[in-house]
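Hello,

As promised, here is the structure we talked about, for you to open alongside this note.

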Amino acid sequence: MRRLSLILMPAAIILALVAGYFIWHAGDDLPALDRNVETGSAAIGGPFTLIDQNGVKRSSADFRGKFMLVYFGYSYCPDVCPTTLALMADAIDRLGHKGDAIVPVFITIDPERDTPAKLKPYVASFGPRFVGLTGDLKSIKKVADLYRVYIKKEPLENGNYAMDHSSVIYLMGPDGKFVGYWDDTSVGPDKLAAALKKLI
Ligand code: NI
């Protein structure tokens, strides 16, 4: 009995390690996403009516038939937002003509400063595909709540403010329904492109 457990214990440990390794690495290609696709009907997203970078009213229904790759942030963000928007643009470009099925959408969480005029050159700097959306504070708060985005205004010593916010890329289907998300936006463009390719 004792001898048997001496053999079985290391075997069980090795088995657990091997299984753990595969579970760990299964998530590499699709961080967070795989799990959410499997569990399905997460209540993320919903209808919105906002204003785009050209000052045109845009509603969620206008995007039906296309995938939306949605990111919430603000143009004054010094690091995370520009890095993530560049990643989204890069990943979509890597899909070639298939990428045309995806509209990258940047929704500001700082509508006080991010007017359409401010958003226009900002989103253009990430490529011509981007739609930048702003609106009144109430509409922005509503859409952020629908996507469960965390937002907190942080006053700075110089009298300005920063916006603390969650950094999540959402993929919404042509029917407007939630497909999946990446909360680790450090995923590289290759991995993001490969994941998108499987999903669109
Ligand atoms: Ni940011």
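To start with a detail: which residue in E5 is the bridge partner of Asp-52? It is Leu-133. The strands concerned, E1 and E5, pair in the antiparallel sense, with two bridges between them. Please keep in mind throughout that this is a predicted model.

On its other pairing, E1 is joined to E2 by three bridges, and these strands also run antiparallel. Here Ile-51 has Lys-57 of E2 as its bridge partner. The hairpin of E1 and E2 has four residues between the strands, and Gly-55 takes a positive phi there, near 80°.

Now for the sheet as a whole. Seven strands form an open sheet with mixed pairing, in the order E2-E1-E5-E4-E3-E8-E9. Strand E2 (57-59) and strand E9 (178-182) each have a single partner strand, so one side of each is left without a neighbour in the sheet. On average, neighbouring strands are turned by 35° against each other, direction ignored.

One of the residues involved is Ile-169, whose bridge partner in E9 is Trp-182. Helix H6 (residues 189-199) packs on the sheet and touches E3, E4, E8 and E9. The direction of H6 makes about 170° with that of E9.

Strand E6 (151-155), like H5, supplies at least two residues of the lining. The pocket holds about 220 Å³ of space and is lined by 14 residues. Nearest its centre lie Ile-109, Leu-137, Lys-141, Ile-151 and Met-163. By class, the lining comprises nine nonpolar and five charged residues, with no polar ones.

There is also one cavity of 30 Å³ or more. The largest cavity has a volume of about 30 Å³, and its lining consists of Gly-46, Ser-60, Arg-64, Met-68, Tyr-147, Met-172 and Gly-176. Sorted by class, that lining has three nonpolar residues, three polar and one charged.

Finally, the aromatic rings. The structure holds eight aromatic pairs, and one of them is formed by Phe-48 and Phe-63. How are these two rings arranged, by distance of the centres and angle of the planes? The pair is tilted, at 6.2 Å centre to centre and with 50° between the planes. It links distant parts of the chain, the two residues being 15 residues apart. Phe-48 sits in the loop between helix H2 (33-39) and E1, while Phe-63 belongs to the loop between E2 and E3.

Best wishes

Technical notes
Residues are numbered from 1 along each chain as its sequence is written. This is a predicted model: local features need pLDDT of at least 70, side-chain atom pairs count only at pLDDT 80 or more; totals for chains, interfaces and linings use all residues. Side-chain values use heavy atoms; hydrogens and water are left out. Two strands pair if DSSP finds at least two bridges between them. Axes are lines fitted to C-alpha atoms, for helices over the stretch in contact, and angles run from 0 to 180 degrees between N-to-C directions. Contact means heavy atoms within 4.5 Å. On a 1 Å grid over the protein atoms alone, a cavity is a set of points where a 1.4 Å probe fits but cannot get out, and a pocket is an open set with protein on both sides within 12 Å along at least five of seven lines; lining residues have an atom within 4 Å of a point. Grid points are joined across faces, edges and corners, and a volume is the space filled by probe spheres set on the points. Ala, Val, Leu, Ile, Met, Phe, Trp, Tyr, Cys and Pro count as nonpolar, Asp, Glu, Lys and Arg as charged, and the others, Gly among them, as polar. Rings of Phe, Tyr and Trp (its six-membered ring) pair if their centres lie within 6.5 Å; planes under 30 degrees apart count as stacked, over 60 as edge-to-face and the rest as tilted.
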